[in-house]
Amino acid sequence: DALHDRAPSALFKAAAAAGVRIAVQISALGADASAQSRYHHSKKAADDTLRALPLSGAVVQPSLVYGDSPGAAMFNTMAAAPVLAMPQAGGMQVQPVHVDDVVEGVLAVLRTPPTPVATIALKCSGI
């Protein structure tokens, strides 16, 4: 709660009071009205604080972010497979997205910030 809600909420409020015009919150896919875990509820609380402020920007919601690391080996191997079975037609709760795609999405928000703050779900297929 302190890390996912109280600290970012205080930061967003202080930024708005100081005249900051654009904010981007890196949240989590699933931090929405149907959230069930404490993790998602705490992320949603900070997201809601940002959405309520007079700022431009976005709540960016990736699922599992991966990059070029030993932990990403499974995803890289799957991506190179000639056929990839997608359980639930790709609608799984964990939808890996590469860190480069997350960065590209955040940069797009900064280039053209939505007003009011928009929520952008980052999934397997990108933004």
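What follows is a chat about a predicted model of one protein chain.

Reader: How many helices and strands does the chain have?
Author: There are four helices and five strands in this predicted model.

Reader: What pattern do they follow along the sequence?
Author: Reading along the chain gives α-β-α-β-β-α-β-α-β.

Reader: What percentage of the residues count as buried?
Author: The chain has 127 residues, and 36% of them count as buried.

Reader: And how much of the contacts comes from residues 24 or more positions apart?
Author: Such pairs make up 75% of the contacts with a separation of 6 or more.

Reader: How many bridges join strand 1 to strand 2?
Author: Five bridges join them, and the two strands run parallel. One of the pairs is alanine 23 with glycine 57 of strand 2.

Reader: What does the chain cross through to get from strand 1 to strand 2?
Author: The chain goes through helix 2, residues 38-51. This β-α-β crossover is right-handed.

Reader: What about strand 2 and strand 5, how many bridges there?
Author: Five bridges join strand 2 to strand 5, residues 118-122, and these strands run parallel too. Valine 60 has isoleucine 120 of strand 5 as its bridge partner. For proline 62, the partner in strand 5 is leucine 122.

Reader: Is strand 2 mostly covered or uncovered?
Author: Mostly covered: seven of its seven residues, 56-62, are buried.

Reader: Which residues sit on which side of strand 2?
Author: Ser56, Ala58, Val60 and Pro62 are on one side, with Gly57, Val59 and Gln61 on the other. Both faces are covered.

Reader: And strand 1, which residues are on the covered face?
Author: Ala23 and Gln25 form the covered face of strand 1. Ile22, Val24 and Ile26 lie on the uncovered one.

Reader: Back to serine 56. Why is serine 56 called buried?
Author: Because its relative accessible area is 14%, and buried means under 20%. Serine 56 is in strand 2.

Reader: What is serine 56 in contact with, leaving aside neighbours within four places in sequence?
Author: Serine 56 is in contact with Arg21, Ile22, Ala23, Pro113, Pro114, Thr115 and Val117.

Reader: Thr115, then. What kind of peptide bond joins threonine 115 and proline 116?
Author: A cis peptide bond, with omega at about -5 degrees. Most peptide bonds are trans.

Reader: Where is proline 116?
Author: Proline 116 is in the loop between helix 4, residues 99-111, and strand 5.

Reader: New topic, the helices. At what angle do helix 1 and helix 2 cross?
Author: The axes of helix 1, residues 2-17, and helix 2 cross at roughly 10 degrees and come within 8 Å. That angle makes the two helices roughly parallel, because angles under 35 degrees count that way.

Reader: Which residues make the contact?
Author: From helix 1 they are His4, Asp5, Pro8, Ser9, Phe12 and Lys13. From helix 2 they are Tyr39, Ser42, Lys43, Ala45, Ala46, Thr49 and Leu50.

Reader: How does the contact of helix 1 with helix 2 split by class?
Author: Six of the contact residues are nonpolar, four polar and three charged.

Reader: Last one: is arginine 38 buried or exposed?
Author: Arginine 38, in helix 2, counts as exposed because its relative accessibility is 76%, and exposed means over 50%.

Reader: How far apart are arginine 38 and aspartate 1?
Author: They are 37 residues apart in sequence and 8.3 Å apart in space, C-alpha to C-alpha.

Notes. Residues are numbered from 1 along each chain as its sequence is written. This is a predicted model: local features need pLDDT of at least 70, side-chain atom pairs count only at pLDDT 80 or more; totals for chains, interfaces and linings use all residues. Side-chain values use heavy atoms; hydrogens and water are left out. Buried means under 20% relative accessible area, exposed over 50%, partly exposed in between (1.4 Å probe, protein chains only). Two strands pair if DSSP finds at least two bridges between them. A crossover is right-handed if, with the strands pointing away from the viewer, the path from the first strand over the helix to the second runs clockwise. Axes are lines fitted to C-alpha atoms, for helices over the stretch in contact, and angles run from 0 to 180 degrees between N-to-C directions. Angles under 35 degrees count as roughly parallel, over 145 as roughly antiparallel, 65 to 115 as roughly perpendicular and the rest as oblique. Contact means heavy atoms within 4.5 Å. Ala, Val, Leu, Ile, Met, Phe, Trp, Tyr, Cys and Pro count as nonpolar, Asp, Glu, Lys and Arg as charged, and the others, Gly among them, as polar.
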